[in-house]
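Work through the exercises below with the structure open. Try each task before you read its solution.

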Amino acid sequence: MRKILFVAEGSTLAHVVRPLTLASALDPASWDITLARPVRYADLLARLPRHIRQIDLVACAPEQFDARLARGAPLYTLSELRAYSEHDAVLLRECAPDFVVGDFRISLGVSARLAGIPYVSLSNAYWSPGFRRPAIVPALPFAKALPLPVATALFAMVSPIAFKLHAHAMESLRREHGMAGLAHDLNRVYTDADLTLYCDAPEFCADIAFAANERAIGHVPWSPDVALPDWWHALPDSAPLVYVNLGSSGDTRNRAAIIDGVLARGATVLLATAGRGEEPVPRPGRLFTTRFIPGDLAARRAAAVVCNGGSPSTYQALNEGAPVLGIASNLDQHLNMYLVARAGLGLKVRSDRCTARTIEAALSALLDDGEIRRRATAYAAQPRIAASTLFVAALEDLI
């Protein structure tokens, strides 16, 4: 029986549920499975299959991670990466896996190699070194203060230097351990592994020049295992239903504007707060709120989904045939929505330019565009090989 260790970084929920879902798909007769996951998500992950051993993991606090993202600062310092790598080494020594799988646990690029253990990284294809990044400025403080074309041009000028600074801590850590550098290439820092698997639809990646150790396995689906709210069967059919979920990393300061914009369009709001921010007061017949909801069922019932633009929420919507309105803030969300919009499956509103009026206008365009709805329906109907199946096949190839 082969032993496999999954290590889930805790900066956002997506980096936790993807390893969880893939671990749950492995045959317990063939795999001895351990999942190291952040303590903070213990309640959401309480019903794991019994054959998966859990280890509490201390990871970067989402608040600190979000604050650094918001101001464009490097996500990890050298001292933090050293601590991560040392913690990884203990995990690897205690678990002694044949393989280790990490989701944005970039320190494994060092610690797994030092331990001589094959390392599989989960990521998104827009971080592949072969992806030609479009000119997009994330919602950094200066971008809101300047006209967007000016902010975009300025970001294009400074981003090559900024990305090298973001890669510097990992370069230093590798140098400390006598390992070759990654040319201060942030994409390589985020995706370096023996095998890199991208949780994206292969058709979204057709023009990306993947290396031999990269492949797309498709969306890794997950919804919280919670009961439907009491009002689920009382949702009205008299107006379009819009499912709003900003997830674990969306800017909750925009929530009121989003609700007002959806209501102004004449739609009904189904809001999942994920326990973040103050929960708005429900409006009878117009606004229904809950902390968590099975997102796949909510998206299946919705005419459109408003989310933070990240890949888990957008793919969840598209898999159910619902077009997406992404309220993108950080670069990851902007790049994902670039692929979604390029495929004609959704629209984007910048989080730093989010108002009730921009939401109403974008949602109207989304709901009134029959071609977008047709494409979303066709996307959901397309036969696909499950990501878990492709994941297992990739492991077998690595073996």
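Axes are lines fitted to C-alpha atoms, for helices over the stretch in contact, and angles run from 0 to 180 degrees between N-to-C directions. Helices (H or I, at least four residues) and strands (E, at least two) are DSSP runs, numbered from the N terminus. The model is predicted: local features need pLDDT of at least 70, side-chain atom pairs count only at pLDDT 80 or more, and totals for chains, interfaces and linings use all residues. Residues are numbered from 1 along each chain as its sequence is written, and side-chain values use heavy atoms, with hydrogens and water left out.

**Exercise 1. Describe how helix 8 and helix 12 pack.**

Step 1. Two packed helices are described by the angle between their axes and the distance between the axes. Helix 8 covers residues 255-264 and helix 12 covers residues 356-368. Their axes come within 7 Å and cross at roughly 45°.

Step 2. Classify the angle. Under 35 degrees is roughly parallel, over 145 roughly antiparallel, 65 to 115 roughly perpendicular, and the rest oblique. Helix 8 and helix 12 are therefore oblique to each other.

Step 3. Find the hand. A crossing is left-handed if the near helix is turned anticlockwise from the far one by less than a right angle, and right-handed if clockwise. Helix 8 and helix 12 cross in the right-handed sense.

Step 4. List the contact (heavy atoms within 4.5 Å). Helix 8 supplies Ala257, Ile258, Asp260, Gly261, Val262 and Ala264. Helix 12 supplies Ala356, Ile359, Glu360 and Leu363.

Step 5. Sort by class. Ala, Val, Leu, Ile, Met, Phe, Trp, Tyr, Cys and Pro count as nonpolar, Asp, Glu, Lys and Arg as charged, and the others, Gly among them, as polar. The contact of helix 8 with helix 12 has seven nonpolar, one polar and two charged residues.

**Exercise 2. Classify the packing of helix 10 and helix 13.**

Step 1. Helix 10 (residues 311-319) and helix 13 (residues 370-381) have axes 7 Å apart, at an angle of about 90°. Helix 10 and helix 13 are therefore roughly perpendicular to each other.

Step 2. Tyr315, Leu318 and Asn319 of helix 10 meet Ala376, Tyr379 and Ala380 of helix 13. The contact of helix 10 with helix 13 holds five nonpolar residues, one polar and no charged.

**Exercise 3. What kind of ring pair do Phe104 and Tyr190 form?**

Step 1. Set the rule. Rings of Phe, Tyr and Trp (its six-membered ring) pair if their centres lie within 6.5 Å; planes under 30 degrees apart count as stacked, over 60 as edge-to-face and the rest as tilted. By this rule the count is 13 aromatic pairs.

Step 2. Apply the rule. The ring centres of Phe104 and Tyr190 are 5.1 Å apart and the planes are at 65°, so the pair is edge-to-face.

Step 3. Phe104 is in the loop between strand 4 (99-103) and helix 4, Tyr190 is in helix 7 (residues 186-191), and the two are 86 residues apart.

Step 4. Check burial. Buried means under 20% relative accessible area, exposed over 50%, partly exposed in between (1.4 Å probe, protein chains only). Phe104, at 12%, is buried. Tyr190, at 11%, is buried.

Step 5. Widen the view. Ring pairs join Tyr76, Tyr84, Phe104, Tyr126, Trp127 and Tyr190 into a cluster.

**Exercise 4. Are Ala183 and His184 buried, partly exposed or exposed?**

Step 1. Ala183 is in the loop between helix 6 (148-176) and helix 7. His184 is in the loop between helix 6 and helix 7.

Step 2. Ala183 has a relative accessible area of 55%, so Ala183 is exposed. His184 has 26% relative accessibility, so His184 is partly exposed.

Step 3. Look at the backbone. Ala183 is not glycine, yet its phi is positive, near 60°. His184 is not a glycine either, and has a positive phi of about 50°.

**Exercise 5. Which residues does Asn124 touch, not counting residues up to four places away in sequence?**

Step 1. Asn124 lies in the loop between strand 5 (119-123) and helix 5 (141-145). Its relative accessibility is 4%, so Asn124 is buried.

Step 2. Asn124 touches Arg18, Tyr198, Cys199, Asp200 and Ser311, with that sequence limit applied.
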